[in-house]
Amino acid sequence: MLQTQLVADLQLDPEAVFASGHSNGADMCYYLAIQPDAFLKAIAPMAGTMMVSWSNLFPQKKRISV
């Protein structure tokens with residue numbers, strides 16, 4: 001799982017993982033945030049959009065700050 005690898009490799013606090021990105025990186029932030037097992041606490045996308053098709057594929061189970 002991505003979360004486990006990031007926490008281990010980068011010595012992150014698993015309760016304080018955030019994502020930020022620009023353009024396609026912003027799209028990726030949104031994509032990570034809507035995953036059924038989303039581990040992010042918040043995202044900070046810049047100049048990107050949330051794809052409607054993604055939101056239909058992954059109904060949100062919890063709220064994540066944007």
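Read along the sequence, the chain follows the pattern α-β-α-β-α, with 3 helices and 2 strands in total; helices (H or I, at least four residues) and strands (E, at least two) are DSSP runs, numbered from the N terminus. This is a predicted model, in which local features need pLDDT of at least 70 and side-chain atom pairs count only at pLDDT 80 or more, while totals for chains, interfaces and linings use all residues. Residues are numbered from 1 along each chain as its sequence is written, and side-chain values use heavy atoms, with hydrogens and water left out.

**Whole chain**

Colour the chain by pLDDT, the predictor's confidence in each residue, from 0 to 100. The average is 84, and 97% of the residues score at least 70; confidence is highest in E2, at 94, and lowest in helix H3 (residues 52-57), at a mean of 75. With the C-alpha trace displayed, the spans along the principal axes are about 35 × 25 × 20 Å. The radius of gyration, taken over C-alpha atoms, is compared with a globule rule of 2.2 Å times the number of residues to the power 0.38; for 66 residues a compact globule would have a value near 11 Å, and the 12 Å of this chain agrees.

**The nonpolar core**

Next select Val-17, Ala-19, Cys-29, Tyr-30, Leu-32, Ala-33, Ala-38, Phe-39, Leu-40, Ile-43 and Ile-64, the 11 residues of the largest nonpolar core. Helix H2 (residues 24-33) gives the most to this core, with 4 residues. Such a core is a set of buried Ala, Val, Leu, Ile, Met, Phe, Trp, Tyr and Cys residues joined through side-chain atoms within 4.5 Å, where buried means under 20% relative accessible area, exposed over 50%, and partly exposed in between (1.4 Å probe, protein chains only). Centre on Ile-64: leaving aside residues up to four places away in sequence, Ile-64 touches Ala-33, Ala-38, Leu-40, Lys-41, Ala-42 and Ile-43, a contact being heavy atoms within 4.5 Å.

Move to Asp-27, which lies in helix H2 and counts as buried because its relative accessibility is 12%. With residues up to four places away in sequence again set aside, Asp-27 touches Gly-48, Thr-49, Met-51 and Trp-54. Ile-34, in the loop between H2 and E2, is also buried, with a relative accessible area of 7%. A distance drawn between the C-alpha atoms of Ile-34 and Val-52, 18 residues apart along the chain, comes to 11 Å.

**The salt bridge**

Now show Glu-15 and Lys-41, which form a salt bridge with their closest N and O atoms 3.5 Å apart. The pair links distant parts of the chain, 26 residues apart, with Glu-15 in the loop between helix H1 (2-10) and strand E1 (18-22) and Lys-41 in the loop between H2 and strand E2 (42-46). The rule asks for a side-chain nitrogen of Lys or Arg within 4 Å of a carboxyl oxygen of Asp or Glu, and the count comes to 1. Glu-15 counts as exposed at 56% relative accessibility, whereas Lys-41, at 33%, counts as partly exposed.

**Two loop residues with positive phi**

Finish at Ser-23, in the loop between E1 and H2, where phi is near 60°, a positive value in a residue other than glycine; Ser-23 is partly exposed, at 32% relative accessibility. Ala-47, in the loop between E2 and H3, likewise has a positive phi near 60°, and at 63% relative accessibility Ala-47 counts as exposed.
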